[in-house]
Structures are given as C-alpha cells and as structure tokens.
Amino acid sequence: MKLLSSKFSEGNLFQRNAFQGNTFQGLFAVYKPKGWTSAKVVNYIKKNCKTKRVGHGGTLDPFAEGVLVIAVGREFTKQLTEILKNSEKEYLTEIVLNQKSDTYDITGNVITLNIKEIPSLEKIKSFLEKFVGEFEQLPPPYSAIKIGG
C-alpha cells in the first residue's frame, strides 16, 4: 500500500507525476482532515485521476481526522471489502465528562451534566473497557443511515 501524503489538501494530495495516463491504480492510505467528508475525498480523487472507479474502506465522520483506505481502479475496488474484512481499527478520542449533546457530536445542543464527583482513573478505565472488541454500534438520532437500499 502506498502512502500518498501525510497531509491531505488539494495542493499536496498528489505529486503531479503520480498519475500519468491511465496507470494510476491501487490501494492507498489517504489522510482525511477534520472538515472533509469521505465522499469529498473520493470525489477529489475521481476528478484528479480522471476515473470513476474509486472507493473507500469505510466512512469517517466529517469531524474526524484519520486514514481512509482508498481503492483506485476496477481491480482494486472489487477487492476492497475482502481485503479490509479482517482488518483492525483503532480510534482515539477526547471526551468531556460533564457534557453531552442531542446529536452525540459537537454539532448538537450541549447539555451540561451535574456531576457530583470526578470519577477515578480506574472507574474511567473500567467503563471504557466496554468499547473494546466487536460490538454493534447504534446510529445517533440524527444520522444518514441507509434503510432498504
């Protein structure tokens, strides 16, 4: 897998000689910054590679930054699901212990909670263990989930 760029922006995603002719194909790790949607990254690559065969290995929230696995070309987009099926993911997060929002993200109405005591580090670690491993994630109340399609 090639790393196209350590930082993603329209000016430095590709070196000008990285895609000449129709030979630009493969799997790539692309850094997606906060503010860009996964679809925007894919559309940018489609436009600049002059191809319609571009896919990604999983949507990142627009407010998240991280690595998007991008497949370019028919051979690689067909294999993307199989290649990533058994891959591991890791998430790093920052949390505020006395706030929540109605959208579960930074765009919602913030509700400040009245916490009487700060939990110990052991209690926090014990609680976070629930998020290790495989589990079914519930979509937030405001979500673009796909229904019947």
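**Fold and local features of the predicted chain**

The secondary structure of the protein chain comes to 3 helices and 6 strands. Along the sequence these elements follow the pattern β-β-α-β-β-α-β-β-α. The structure described here is a predicted model. The average pLDDT of the protein chain is 78, and 80% of the residues score at least 70. Over residues 1-20 the pLDDT stays under 50. For residues 1-20 the model has 43 contacts beyond four places in sequence. Where pLDDT is low, the predicted coordinates should not be read in detail.

Some totals describe the chain as a whole. Of the 149 residues in the protein chain, 24% are buried. The protein chain exposes about 12100 Å², and carbon and sulfur atoms supply 52% of that area. Among contacts between residues at least 6 apart in sequence, 56% join residues at least 24 apart.

Strand E2 covers residues 26-32 and is mostly covered, with 7 of its 7 residues buried. Gly26, Phe28, Val30 and Lys32 point one way from E2, while Leu27, Ala29 and Tyr31 point the other way. In a regular strand the side chains alternate between the two faces of the sheet. In E2 the residues pointing either way are all buried. Alanine 29 is placed in strand E2. Alanine 29 counts as buried because its relative accessibility is 14%, which is under the 20% limit for that class.

Strand E2 is joined to strand E4 (residues 66-72) by 7 bridges, and the two strands run antiparallel. Within this pairing, the bridge partner of leucine 27 in E4 is alanine 71. The bridge partner of phenylalanine 28 in E4 is isoleucine 70. Alanine 29 and valine 69 are 40 residues apart along the chain, and their C-alpha atoms are separated by 4.8 Å. Strand E4 is also mostly covered, with 6 of its 7 residues buried.

Strand E4 pairs with strand E3 (residues 54-56) as well, in the antiparallel sense and over 3 bridges. Histidine 56 is found in strand E3, and its bridge partner in E4 is isoleucine 70. Histidine 56 has a relative accessible area of 26%, so it counts as partly exposed, a class that lies between the 20% and 50% limits. Leaving aside its neighbours within four places in sequence, histidine 56 is in contact with Ser38, Val42, Leu68, Val69, Ile70 and Leu80. Histidine 56 and threonine 81 are 25 residues apart in sequence, with a C-alpha to C-alpha separation of 9.2 Å.

Several loop positions were also examined. Glycine 35 lies in the loop between E2 and helix H1 (38-49). Glycine 35 counts as exposed because its relative accessibility is 57%, which is over the 50% limit. The C-alpha atoms of glycine 35 and aspartate 61 are separated by 8.8 Å, and the two residues are 26 apart along the chain.

Tyrosine 104 lies in the loop between strand E5 (99-101) and E6. At 63% relative accessibility, tyrosine 104 counts as exposed. Tyrosine 104 has a positive phi of about 65 degrees, although it is not a glycine. Most residues other than glycine have a negative phi.

Isoleucine 115 is found in the loop between strand E6 (110-112) and helix H3 (121-128). With a relative accessibility of 39%, isoleucine 115 counts as partly exposed. Isoleucine 115 is one of the residues in a nonpolar surface patch of about 410 Å². This patch is made by Ile95, Leu97, Ile111, Leu113 and Ile115.

Note on methods: Residues numbered from 1 in each chain as written. Heavy atoms only, no water. Patch = residues over 30% accessible without salt bridge, like charges linked within 9 Å, V, L, I, M, F, W, Y side chains within 5 Å. Areas by Shrake-Rupley, 256 points an atom, 1.4 Å probe, with all protein chains shown as cover. Salt bridge = Lys/Arg side-chain N within 4 Å of Asp/Glu carboxyl O. Helix = DSSP H or I, 4+ residues; strand = E, 2+ residues; numbered from the N terminus. Buried < 20%, exposed > 50% of the residue type's maximum accessible area, 1.4 Å probe, protein only. Pairing = 2+ DSSP bridges. pLDDT = per-residue confidence, 0-100. Contact = heavy atoms within 4.5 Å.
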